[in-house]
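Keep the 3D view open as you read.

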Amino acid sequence: MVGRFAEALGNGTFWAVGAVVATAAAGPAASTRAMGVMVGGVTLSSIVGVPLGTAAGQVAGWQGPFWALALLALAAAAVIARRLPADTGRADSSLRGELGTLKHPRLWLIYLAIALVQGGMMAFYSYVAPLLTERAHLTSAIVPLAMLGYGLGALVGTTFGGRRGDDRPYATLIPAAAGTAAVLAATTLRAPHSVIAVVLVVLLGATGMTTNPILVGEVVRTAGAGRALPMALATSAFQVGIAVGSWFGGLALTSALDLKGPSLAGLALALIALLPLGLLAASQRKAASARS
C-alpha cells in the first residue's frame, strides 16, 4: 500500500510538471500538439508495456518487471536532468501567483469536462473484461486483444486531437465527446454481438482519448504557460474522473441494470460532459466576437 501511494505521488508530480515543461517548450500555439505527443507516448507505452510486462513476469517472476521499470525510471531521470534546460524565464510562480490563475471560471469548466469525459469512458472500460465475456460471449483469450485494440484506438485519438486541437479545439472536442456518448449508447444496444462489441471498444478509445490533449491544451491557454498548479489540478481532474466513473459503473453493474449498467452510466456522464463543453465553446465564440 505504501508503494502504491509513493508511485501515485510520483506519477501525479510527473504529469503536472511534465505537462508544464512540454507545453512551455512548444509554446501556447502548439500546446495541444505537445500534449498529444506526451499522452500518445503514455498510450503507446501501455500498448507495448502491458503485454511485455506480462511476458517478463512469466519468465522472471512478478518482481522482474518492477525492477526493470525502476532501472528505466532512473535512466529516464538522468536523461531529463541532463537534457532539459534550467527554467529561468518563468512568470510569477509564487503561491499567490499560482492561486490567482484559478480565478478563471473557464478553468473550472474545463476541469469538470475532463472529469466527466474521463468518467464516462472509465465507467464502461473498468468492467470491459466481464462485459466482453459475459455479455458478448467472447472467450477470455480475446479480452487482451480487445484491450490492445482500445489502446491503438486511443493512440489514434490522442494523435488526431493533438494535431487538430490547437487550431479548432471545440470543433474537435464536442464531436469527440458526442462520439463517445454515441459509442456508449451503441454498446448498450449492440454489445451482445461479439464482433461489434470489440469494434465499439476500439472506437471508445479513439473518440474518448481525442479529448484529452485538447482539454489540457485549453488549461494552458486559459491559465498561461508555465503554471504548475492549474496543470496539477488538470491531472487531479483526470484522476477524479477515473475514480468516480469506475465507482458509478460498479454501482450500475450491481444494480438491476446488470451488464448494461456500466455503458449506461458512462453514457450519462458523457452526455453531461457536453454541457460544460458547450458553455466553453459559447464563451470562446463570444470572446472572439468581442475581439473582432
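**From the surface to the core**

Helix α1, residues 2–26, gives the most to the nonpolar patch, with three residues. What you're looking at is a predicted model, by the way. The patch sits on the surface and is formed by F14, V17, V21, I80 and L84. Together these residues have about 400 Å² of accessible area.

Pick out V21, which is found in helix α1. Is V21 buried, exposed or partly exposed? Its relative accessible area is 33%, and since buried means under 20% and exposed means over 50%, V21 counts as partly exposed.

Now head inside. The largest nonpolar core has 52 residues. Those with the most contacts inside this core are M35, Y111, I114, F124, L132, L204 and L215. Which helix supplies the largest share of the core? That's α9, with 11 residues.

Setting aside residues up to four places away in sequence, L215 touches I110, A113, I114, L173 and L277.

Then find E218, which has its place in helix α9, residues 194–223. With a relative accessible area of 3%, E218 falls under the 20% cut-off, so E218 is classed as buried. What does E218 contact, apart from its neighbours within four places in sequence? Look for R106, I110, P169 and Y170.

Note on methods
Residues are numbered from 1 along each chain as its sequence is written. This is a predicted model: local features need pLDDT of at least 70, side-chain atom pairs count only at pLDDT 80 or more; totals for chains, interfaces and linings use all residues. Side-chain values use heavy atoms; hydrogens and water are left out. Helices (H or I, at least four residues) and strands (E, at least two) are DSSP runs, numbered from the N terminus. Buried means under 20% relative accessible area, exposed over 50%, partly exposed in between (1.4 Å probe, protein chains only). Contact means heavy atoms within 4.5 Å. A nonpolar core is a set of buried Ala, Val, Leu, Ile, Met, Phe, Trp, Tyr and Cys residues joined through side-chain atoms within 4.5 Å. Patches are made of residues with over 30% relative accessible area and no salt bridge: like charges are joined within 9 Å, nonpolar side chains (Val, Leu, Ile, Met, Phe, Trp, Tyr) within 5 Å. Accessible areas come from the Shrake-Rupley method with a 1.4 Å probe; for residues, only the protein chains shown count as cover. A salt bridge is a side-chain nitrogen of Lys or Arg within 4 Å of a carboxyl oxygen of Asp or Glu.
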